[in-house]
Amino acid sequence: MQALHRALAVVAVGSLIVHVNLQIMRGRVSAMDAFLPFGGAGFAVGLGTTAAYLLVLAAATGAFRGRFVGMRWPWMWRALHVTAYLTWPVAIVHGLTAGRAAPDWVTLCYAASLVAVGLALLVRLVLTVGPARQGGAPAVRPAAAGRKAEQIRVDDVFDEEFWVTLRKEVRR
C-alpha cells in the first residue's frame, strides 16, 4: 500500500505539472496567475494555485519524511503531510468551478472519488482505532522468522509503529 501511495503521489505531481503547463500554453492563465494565488485570474484559479502548493507541500514532506525522524518535533511531519486532506477538496472545488461547466460524467467522477476516499478513511479509522479487545489483551504483531513477537498496545499501533518503521528505514 505504501508503494502505491508513493506512486500515486508522483503521478499526481506529474499531472499537476502537465495541467499547469497546458493552461499557460493555451493562454487560459498567465504564468503569474499560475504561481500567485488569487491574482487576476479569479477565485477558482486561485483555489487551483492554492491546491497546487498544498499538494507540493504534501509530496515534499512525503519525500523527505526521513529527515523529520531526527528532528526535535517528529510530529511535525504528520502535521505538514496531513495538508493532503485539505488539498483534495480545494482541488475539487477548483475543478468544478474554474473554466467551462463540468460535464455530468466529470461531476459523477468527483462524487465517486468523494465516496471512495470517504470509505477508505472510514476503513483506516476502524483498522487504526479498532474495537477494544476482550480483557484488555494487547495486540501482538507477527514476529519475523526466529524472533519473538513484540507486545504492543492497540493505542500505540498507528503512531509508534509508524515511527519505529521509519527509523529502521532511515538506518538502512
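Helices α6 and α7 meet through a set of side-by-side residues: Tyr85, Trp88, Ile92, Gly95 and Leu96 on α6 touch Thr107, Tyr110, Ser113, Leu114, Val117, Leu121 and Arg124 on α7. This is a predicted model, so read what follows with that in mind. The chain has eight helices and two strands, and 20% of its 172 residues are buried.

**The α6/α7 pair**

- Two packed helices are described by the angle between their axes and the distance between the axes.
- Here, the axes of α6 (residues 83–97) and α7 come within 11 Å of each other and cross at roughly 170°.
- Angles over 145 degrees count as roughly antiparallel, and α6 and α7 are therefore roughly antiparallel to each other.
- On the α6 side, the residues in contact with α7 include Trp88 and Ile92; on the α7 side, Leu114 and Val117 are among the residues that meet α6.

- Val115, Leu119, Leu122, Leu125, Val126 and Val129 make a nonpolar surface patch of about 570 Å².
- One of these patch residues, Leu119, sits in helix α7, which covers residues 104–129.
- For the chain as a whole, the accessible surface comes to about 12300 Å², and 69% of that belongs to carbon and sulfur atoms.

- Is Arg65 buried or exposed? Arg65 is buried, because its relative accessible area is 9% and the cut-off for buried is under 20%.
- Setting aside neighbours within four places in sequence, Arg65 is in contact with Gln2, Arg6, Trp77, Phe162, Leu166 and Glu169.
- Gly66, by contrast, is partly exposed, with a relative accessible area of 29%.
- Once residues up to four places away in sequence are left out, Gly66 touches Leu166 and Val170.
- Leu166 turns up in the contacts of Arg65 and in those of Gly66.
- Gly66 and Leu166 are 100 residues apart in sequence, yet their C-alpha atoms are 6.8 Å apart in space.

- Val10 is in helix α1, residues 2–25, and counts as exposed at 61% relative accessibility.
- Where does Leu36 sit? Leu36 is in the loop between α2 (31–35) and α3 (43–63).
- Leu36 counts as partly exposed, at 48% relative accessibility.
- From Leu36 to Gly46 is 7.6 Å, C-alpha to C-alpha, and 10 residues in sequence.

**The chain overall**

- Starting at the N terminus, the elements run α-α-α-α-α-α-α-β-β-α.
- Take the contacts between residues at least 6 apart in sequence: 48% of them join residues at least 24 apart.

How values were computed: Residues numbered from 1 in each chain as written. Predicted model: local features only at pLDDT ≥ 70, side-chain atom pairs only at ≥ 80, totals over all residues. Heavy atoms only, no water. Patch = residues over 30% accessible without salt bridge, like charges linked within 9 Å, V, L, I, M, F, W, Y side chains within 5 Å. Areas by Shrake-Rupley, 256 points an atom, 1.4 Å probe, with all protein chains shown as cover. Salt bridge = Lys/Arg side-chain N within 4 Å of Asp/Glu carboxyl O. Helix = DSSP H or I, 4+ residues; strand = E, 2+ residues; numbered from the N terminus. Buried < 20%, exposed > 50% of the residue type's maximum accessible area, 1.4 Å probe, protein only. Contact = heavy atoms within 4.5 Å. Axes fitted to C-alpha atoms, helices over the stretch in contact; angles between N-to-C directions. Parallel < 35°, antiparallel > 145°, perpendicular 65-115°, else oblique.
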